[in-house]
Structure formats: C-alpha cells, structure tokens
Amino acid sequence: MIRDITFGQFFPAKSVVHALDPRTKLILVVAYIVLVFIGNNFLCLGLAAAFLILATALSKVPPKLMLRSTRPILFVIAFTAILNLLYIKGDVLLFEWGFVQIYDKGVFTAVFMAIRIILAVLGSSLLTYTTSPTDLTDGLERLMSPLKVLHLPVHEFALMMTIALRFIPTLIEETDKIMSAQKARGADLETGGLVKRVKALVPILIPLFVSSFRRAFDLATAMECRCYHGGEGRTRMKKLQMHGRDAWAFGITALVLGGIIAASILLPPVF
Amino acid sequence: MPILETKELTYIYGQNSPFEKKALDTVSIAIDEGEFVGVIGHTGSGKSTLVQHLNGLIKPTSGSILLDGRDIWAEPKKIRAVRFEVGLCFQYPEYQLFAETVYKDIAFGPQNMGLDEEEVNKRVKSAAAFVSLKPELLEKSPFDLSGGEKRRAAIAGVLAMEPKVLILDEPTAGLDPKGRDVILGQIREYQKERGSTVLLVSHSMEDVARVCSKVLVMNDAKCAMYGTVDEVFTRASELAGMGLNIPQVTRIFLGLKERGYNVNTCVYTARQGRDEILRLLSQAKGGDGR
C-alpha cells in the first residue's frame with residue numbers, strides 16, 4: 001500500500017531532546033556527523049555511539065524505530081563495505097578465491113565504514129524523529145537568515161519547504177484515491193511491459209497534476225485572504241528561544257567532540 | 001441466491017502497527033438482484049471500506065465476498081473481471097477525469113474490458129444519454145465542463161461498463177439541490193430500466209428514503225441494521241444513538257404518533273407527509289383522528 005511510505009517521520013513525545021531548540025539540534029547534528037567522520041579508530045566510534053545511545057534514551061524514541069531508519073540505506077552500506085573489503089590491501093591475507101583477496105585491513109575498514117555511515121544516519125534520524133517538520137524549517141530559516149544579506153530569499157525557501165512537506169501526505173492520499181478510482185474502471189497497473197506500464201500511469205498522473213494545481217491556487221488564495229505578503233516585517237507566534245538545556249546540549253557535545261579529537265590524535269588509526 | 005454476499009467480512013487497517021484499526025468487523029450481508037440499497041453511517045463507520053471490498057479493491061483480512069455465489073478472491077488474477085461486474089464510482093469522481101475528450105474518458109472502462117470499437121461507441125453514447133450529457137459535450141475536454149457536468153461525465157464512465165452491480169459513493173456530495181435531484185433521478189431511472197442492483201452510499205437520509213428499497217446502516221465497523229426502509233427508519237431512537245438522523249418529515253410523524261395521533265409513520269418525503277396529513281384531516285372530519 002502506498003500509504004505505508006513513512007515521511008516526515010516525526011515521533012511525538014515529551015522529552016528533553018524534543019524540547020531542545022531546533023537550531024541547537026540542527027547544529028549538533030552537523031557537528032555529530034563531522035565528529036563521526038573525524039574519528040579514525042574504534043574508540044572514537046565507541047564514544048560517538050555511546051553519545052547517540054544516550055541521546056536516544058533521553059529522546060524516548062523506541063530503538064526499534066531508530067534502527068528502522070537505516071533500512072533504506074542498507075544497500076549503500078553494504079556496497080561501501082564490500083568495496084572496502086575487496087580493495088583495501090593489508091599485511092595479512094585472510095581469504096583468497098580467484099581475483100578476490102581479502103585482507104585483515106579490508107575487514108576492519110569495511111566494518112569501520114559501515115558503522116560510520118550507520119551512526120551518521122542514525123544521528124540525523126534522531127533529529128527528524130524529535131523535531132516536527134515545521135520546527136525544522138523554522139530552525140533552518142533562522143540559521144540561514146544571515147544569508148539575507150546576500151539577497152537570498154531565505155524566508156521564501158523555508159516557506160516552500162514547509163508547504164512541500166505539508167502536502168506530501170495529502171498528495172499520497174490523493175494518489176491512492178485516484179489509483180483506486182482508475183482500478184475500479186479496470187485500469188491495469190500491475191502487468192505488461194515497460195511501455196504499457198508507463199502508459200497506464202497517465203490516467204493517474206493527469207488527475208494528480210490537475211488537483212495539485214487546484215490545491216496550489218486554493219492555498220494561494222487562502223494565504224492572500226490572510227494578508228500574507230512575504231517575510232518582510234512578519235512576526236512569529238512561536239518565537240524560537242534558547243534555554244538552559246540547549247547550553248547543556250552544546251556543552252556535552254563539545255566534550256564528546258573533544259574526546260574524539262583527542263582519541264583520534266593519541267591512538268593509532270584503523271587505516 | 002443473492003447476487004452479492006459478504007460473509008464475516010473483517011478488515012484491519014495497518015495490522016501489527018501502532019495505528020492498527022478495525023475498519024470492518026464481521027460484516028455479513030446479502031444483497032438480492034435488482035435491489036436498491038442505501039448505505040448509511042457517519043464518517044469513519046466503515047461504509048467506504050465496505051464498498052471497496054465489494055469490487056475487490058481491498059482484500060479482506062478475513063471473511064469472504066461472494067458474487068453470484070462465487071468467492072471473488074478465489075482467483076486473485078481475475079480480480080479485474082470482478083471490477084467490471086461490480087462498478088464502483090468513488091466520491092468526487094470528477095477528480096479522476098483525465099482524457100483529452102469526455103468521450104475518451106467515458107470509453108476508458110469499456111476499453112479496459114477489451115470490447116471492440118463499435119460496442120465501446122454504443123456504450124459511451126448510451127451512458128452519456130443516461131446522465132443526459134449533450135452529445136456535443138462528448139468532444140470537449142472534460143476540464144472545460146461545469147462542475148455538475150463533470151460529475152455526470154465521471155458517473156457515465158462507470159455506467160459505460162454496464163456493471164451488474166453499481167455502487168456509488170456519495171454521488172451527490174457537494175452539489176446544489178437541483179444537481180442532486182437530477183443525478184438521483186438518473187440513477188433511479190438507470191436502475192429501473194436495466195434492473196441492475198445499485199448500492200448508494202449517502203449521508204442524506206432524505207435521499208436514501210426517497211430512492212432506496214433497502215437500507216444498510218453501518219456503525220463502528222459493524223453492520224448495525226439491514227432491512228427495508230420502513231423497518232430501519234422506525235428505529236429512529238437507535239439511529240439517533242449512532243449519530244444518524246432520520247428524514248425530518250419522518251421525525252415529525254413519529255412525534256405525532258407519540259402524541260397520540262393515529263398516523264402512518266412510514267413517511268419520508270414532504271409529498272407523502274402532505275398526503276398523510278390530508279388523510280388524517282379527512283378522517284378527523286368523519287370521526288376522531290385520535
């Protein structure tokens with residue numbers, strides 16, 4: 001069922017992580033990803049993993065749900081791991097079969113890279129699980145606002161993003177409905193060759209397109225009725241505000257970052 | 001033998017997920033050929049889910065659907081054939097129009113059935129005539145029609161498949177009273193002329209009372225009542241408990257009965273009401289109406 005596609009995977013709960021300012025979370029996620037890629041030995045990754053586990057525990061997001069977010073990129077992870085496994089040459093040959101040669105260093109690197117990617121993905125999904133799409137775009141808009149000096153339409157970008165996110169579930173629902181309606185008239189979407197299948201999409205795409213335009217016009221009218229005139233002089237109902245907990249979050253992350261930098265300088269790298 | 005029958009039909013949305021919800025709970029109904037069934041129930045009662053089962057758009061979690069005594073899921077590969085026999089017209093069907101001309105859009109169903117050009121042409125013409133779309137409109141783009149015309153063109157798209165069972169999900173939603181009367185009249189005419197079985201999902205008790213012979217009441221994913229219009233609408237208080245209202249006229253007559261007047265409460269339209277009051281008055285002249 002098309003409805004099963006999870007998007008905007010916000011997981012509503014009351015937790016410290018949810019309550020953090022979206023700007024804090026955005027900065028921290030960027031910092032976290034940098035930190036995961038700075039770390040060049042397993043101790044660094046261990047520290048990073050521990051940090052993530054702590055954050056997840058605080059966020060009340062079920063670990064199962066967190067792990068599920070890695071599912072779409074399993075292929076990428078496997079691909080990276082296999083490439084590393086095959087191409088990194090080391091001192092100890094573990095396995096040989098034809099042109100396939102696997103060295104100890106290859107295994108280490110493969111595992112290391114896989115963990116790195118998984119941690120980075122988990123880190124960013126923690127952000128999307130704990131921040132609603134609206135908060136996220138709000139945070140982005142505020143973080144990007146210095147770019148206004150360069151005449152970049154930051155507010156408009158943020159608004160476009162909000163609208164796009166808002167309409168994804170609506171459009172999915174609409175697609176579902178139109179598909180059912182055409183199937184009820186005998187549309188055959190499941191069989192036939194490529195050309196036939198592409199042609200079968202026409203009766204779905206055209207109504208979907210038409211209705212998107214209709215929705216866009218309706219939305220524009222509704223916005224104008226409420227005197228929307230762009231970002232200029234616009235005030236906010238919910239002002240983003242940093243709190244003590246944000247300072248704590250920055251502090252802890254800085255500590256972990258420091259730890260990882262120290263560990264990666266002092267300890268020998270994996271490769 | 002009933003033409004369409006469900007046995008212990010159960011459907012669960014999002015099974016094994018936190019959003020799990022029973023949309024249909026052991027629904028067993030039997031619909032006879034030539035019947036005009038009104039399906040009522042308030043939002044979320046499962047009526048849309050039910051009708052989508054009847055033409056095989058949704059596969060039941062458990063239970064079965066029999067068309068002419070044959071399980072429609074006996075051969076899942078042939079489910080498309082079921083959809084030609086049980087025509088389903090969705091709510092706001094005008095949003096599914098897609099072809100360059102009204103003709104091509106109405107012909108979509110018959111063409112999918114694999115009929116030859118001549119037969120398709122015949123069916124499109126007759127379906128358009130049923131919903132009184134003027135022949136010159138057939139060559140126009142469906143997007144240039146008025147709202148009411150679009151709705152009728154979309155309904156014609158389902159009629160053109162000439163299904164044995166026709167299901168319409170709120171065909172009059174969002175239309176003005178005149179447009180509503182026109183469409184209901186056309187559906188009734190179609191049913192009379194073809195002798196086909198029709199299911200009409202509706203919110204309007206007045207509409208159901210006026211055109212249907214039987215009423216199916218859905219409540220909380222279950223089939224709460226199924227019987228003739230008279231049988232169902234006399235249980236007004238039960239219906240009210242489900243958040244449903246019987247037609248206003250009927251309410252007045254039930255009230256009159258409660259107050260001791262000897263009236264027939266099977267009154268669903270203003271016209272019937274007028275006749276009943278006139279009867280009562282003439283009776284009162286002759287003797288005591290009470």
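## Basis of the description

A residue is called buried here if 20 or more other C-beta atoms lie within 10 Å of its own, exposed if 12 or fewer do, and partly exposed in between, with C-beta atoms placed from the backbone. This is a predicted model, in which local features need pLDDT of at least 70 and side-chain atom pairs count only at pLDDT 80 or more, while totals for chains, interfaces and linings use all residues. Residues are numbered from 1 along each chain as its sequence is written, and chains are lettered from A, with ligands numbered from 1, in the order in which they are written.

## Helix α1 of chain B

Lys47(B), Ser48(B), Thr49(B), Leu50(B), Val51(B), Gln52(B), His53(B) and Leu54(B) are buried in α1(B), a helix in the DSSP sense (H or I runs of at least four residues, numbered from the N terminus, strands being E runs of at least two). Because 8 of the 8 residues of this helix (residues 47-54) are buried, α1 of chain B is largely enclosed by the rest of the structure. Just after α1(B), Gly56(B) adopts a positive phi of about 75°.

## Overall form of chain A

Chain A contains 10 helices and 2 strands, which follow the order α-α-α-α-α-β-β-α-α-α-α-α from the N terminus. The radius of gyration of chain A is 24 Å, well over the 18 Å that the globule rule gives for 271 residues, so chain A is more spread out than a compact globule; the radius is taken over C-alpha atoms, and the rule is 2.2 Å times the number of residues to the power 0.38. Of the 271 residues of chain A, 24% count as buried.
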